[in-house]
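Please examine the sequence and the structure shown below before reading on.

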Amino acid sequence: MRWRHSVIWRFAALVFLMQIACVMLALGAVHQFTGRAVDHASREVAIGLRDDIAATYAAAGLSAAGATVRNRIAADPSGNAVILLLAPDGHRIAGNLDRWPVEVGTAGAWHQFSLHWAGTPSGQRRTIGIVGTRFPDGTRLLTGHAVERDMRFGTYLEAALLGAVLLAVPLAAGAAWVSAAIIQRRLRAVIDTAAAVETGAMDQRIALNDSGDMFDALGSAINTMLDRIMGLVGELRLVTDGLAHDLRSPLTRMRAVLEQALGQSRDEVAIAALERALEEGDTLLRMLDAALAISRAEAGIGRDSFAPVDVAALLHDFQEMYGAVAEERNISIRVDTDPGLLIRSHREIFGQVLSNLIDNALKYGGDVISLSARRDGAQIIIQVADNGPGIAQERRVEALRRFARLDASRHITGAGLGLSLAAAVARLHDGELTLGDAKPGLCVTLAIPALVVVEGQPTA
């Protein structure tokens, strides 16, 4: 299966990508929310500190505000607070900054940048968030809070989010695989039922689980269709089998009358006409027999009488049986088979198939007919090949149809049912018939399940 063109695996890929996208969007939203929450908390600390000092300044003056600044710095052993109070003339009243940063205005805006202030190691700069404020009399107040710890938390959060994404990838892949497996399992029931029906098990139906989903609806529709097809096929089979069976009696009686007339006739012209009529009657009887055999094979009739059949012995028997006829036509029949090849079959049914295939090779083939059999895994591969003109690849499907007679063989008598019967019998054995190229000639291949002998007992 080319997975790139598989709808199921495209669906699985879509499930995988959608889950990854959902995880990425969710984690991105969490990251944005957390970052904004941390930034908001730092800003609130700085603004709260500013409001506290501003209230003291408004109530008790500049000296009291300076004392409050010094108390706040002293009460912050971690050194995270950044405060600077400047008098209207610009000299420093209190604080842990030497000067007013040029990056900070006095409009109350929130700024983040790196600074060095008292309480930090020499040469070390830390990231802070600062709010600058200017009072009406020109006094300026700068309050801030170190945000490195909060930024470090954000870094940890980003690492955690990356780990979550990496964990989500195999989880999403597993979910996509499970989704594809569920769909494949539901579709497998449809495929298995179709395969069983193809081999002639027309009574097979898709098992429904009463879930009411579209798979159940599909299974129910297919089951209804199979019921209808089985009914139509049954009616057609009843009509054709009844017609073929009913025609045998009048044809047999007609043949008897023709033989009687042939025995009493003295006119050479009449004798020739009667012999031709007998030949056509025999052809018609063979057609009826073949049609009935195909109908029985497609209906599965005969499986209950299957028994172990030695393929090698069967091929040698047919070599001997057709040896005299082939010798008269200067045709040689060769057999190439391994010993001990067993299949479960009905000898007469399978023998009729081989007989039809050899008859076709005698009629349409060349001067050599090859019968071969070999083991290939769990199957026995039986081939009947000739070195004649063969059948063009584009016409091989047509050759397997009932009453199909290719234009090249119109001058030779035949019903066009030999290959159809062989294909039907192959399906009766849960096997397959294929037409190939013998280079030159036609090679008919029957792949039949092998029968294995275990401790003297044959098993399929």
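## Strand pairing

Strand S9 (residues 368-376) pairs with strand S10 (residues 379-386) in the antiparallel sense, over 8 bridges. Two strands count as paired if DSSP finds at least two bridges between them; strands are DSSP runs (E, at least two residues) and helices likewise (H or I, at least four), numbered from the N terminus. Within this pairing, Ala-373 stands opposite Ile-382 of S10. S9 and S10 form a hairpin with 2 residues between them, and Gly-377 in the turn has a positive phi of about 65°.

S9 also pairs with strand S7 (residues 332-337), here in the parallel sense over 6 bridges. Val-335 has Leu-371 in S9 as its bridge partner.

## Basis of the model

The model is predicted: local features need pLDDT of at least 70 and side-chain atom pairs pLDDT 80 or more, while totals for chains, interfaces and linings use all residues. Residues are numbered from 1 along each chain as its sequence is written, and side-chain values use heavy atoms, leaving out hydrogens and water.

## Helix H6

In helix H6 (residues 311-321), Val-311, Ala-312, Leu-314, Leu-315 and Phe-318 are buried, that is, under 20% relative accessible area (1.4 Å probe, protein chains only), whereas exposed means over 50% and partly exposed lies in between.
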